[in-house]
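I opened the notebook to look up a few things in this structure. The entries follow in the order I made them.

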Amino acid sequence: MFGIFFLTLFLSGQVVGTMAEERNNKVIEVLAAAVPLESVFFGKLIGMFGVAVLFVAFWGTVVSQITTLMPAGAAAALGDLTPAVGGPTFALLFAAYFSMAYLLLGSVFLGVGAQASTMREIQMLSLPITILQVAMFGLSSAAVSRPGSWIATAAELFPLSSPFAMAGRAANSPSCGRMSRRSRGRRCG
């Protein structure tokens, strides 16, 4: 959950700067004359998402190899840490939840970048979004610590906190299909 929060906070904020830079250089005006403005924004969002995926893939590969540099006992202890849904499933869910969080927050930051023309304006307009993102992380943290409660349900359903809360749930709660026959009648989570 913290990984998705940190990566989206770090990477989606870059969209603001590139949009404001293109606005100052009058690149957007040239692009808007050639194609619809919605297409320019969508292309910018998808392009920056591609950059973010490349960033995550590179650093994910580097971090996955860290056990080769660790002592054998520490590497074995780190290898014993597995998410409740299993490693490969969690990796797929992490990618899906990161994609959702990045595209949602990136589009909000892209709108801010379109409105601002100076770095001061960008900082002033980005602060409420960042505060909201930190609040959604706090809500998701509370949801992970109280699975099955009303706060967990609210965090899982609210779009801005859902990617964080669902990643936390996947790390802590096994899926219904992997539970024993005896416990299948009980609610998952």
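Predicted model: local features only at pLDDT ≥ 70, side-chain atom pairs only at ≥ 80, totals over all residues.

Entry 1, surface patch. I looked for nonpolar patches and noted one of about 390 Å², made by Val63, Ile66, Leu69 and Met70. Patch residues have over 30% relative accessible area and no salt bridge; like charges are joined within 9 Å and nonpolar side chains (Val, Leu, Ile, Met, Phe, Trp, Tyr) within 5 Å. A salt bridge is a side-chain nitrogen of Lys or Arg within 4 Å of a carboxyl oxygen of Asp or Glu. Areas come from the Shrake-Rupley method with a 1.4 Å probe, and for residues only the protein chains shown count as cover. I placed Val63 in helix H4. Val63 is exposed, at a relative accessible area of 53%. Here buried means under 20% relative accessible area, exposed over 50%, and partly exposed in between (1.4 Å probe, protein chains only).

Residues are numbered from 1 along each chain as its sequence is written, and side-chain values use heavy atoms, with hydrogens and water left out.

I found nine helices and zero strands. Helices (H or I, at least four residues) and strands (E, at least two) are DSSP runs, numbered from the N terminus. Of the 189 residues, 31% are buried.

I checked the length of H6, residues 87-115: its 29 residues should span 42 Å at 1.5 Å a residue, and the end C-alpha atoms are 41 Å apart, which agrees. The expected span is 1.5 Å times one less than the number of residues. Among the buried residues of H6 are Phe90, Tyr97, Phe98 and Tyr102. Their cover includes helices H1, H2, H4, H7 and H9.

I counted 10 aromatic pairs. Rings of Phe, Tyr and Trp (its six-membered ring) pair if their centres lie within 6.5 Å; planes under 30 degrees apart are stacked, over 60 edge-to-face, the rest tilted. Phe2 and Phe5 form a tilted pair, 6.3 Å centre to centre with 45 degrees between the planes. They are three residues apart in helix H1, about one helical turn. Phe2 is exposed at 52% relative accessibility, whereas Phe5 is buried at 8%. Phe5 also pairs with Phe137: the centres are 4.4 Å apart and the planes at 25 degrees, so the pair is stacked. That pair links helix H1 to helix H7, across 132 residues.

Note on methods:
Contact = heavy atoms within 4.5 Å.
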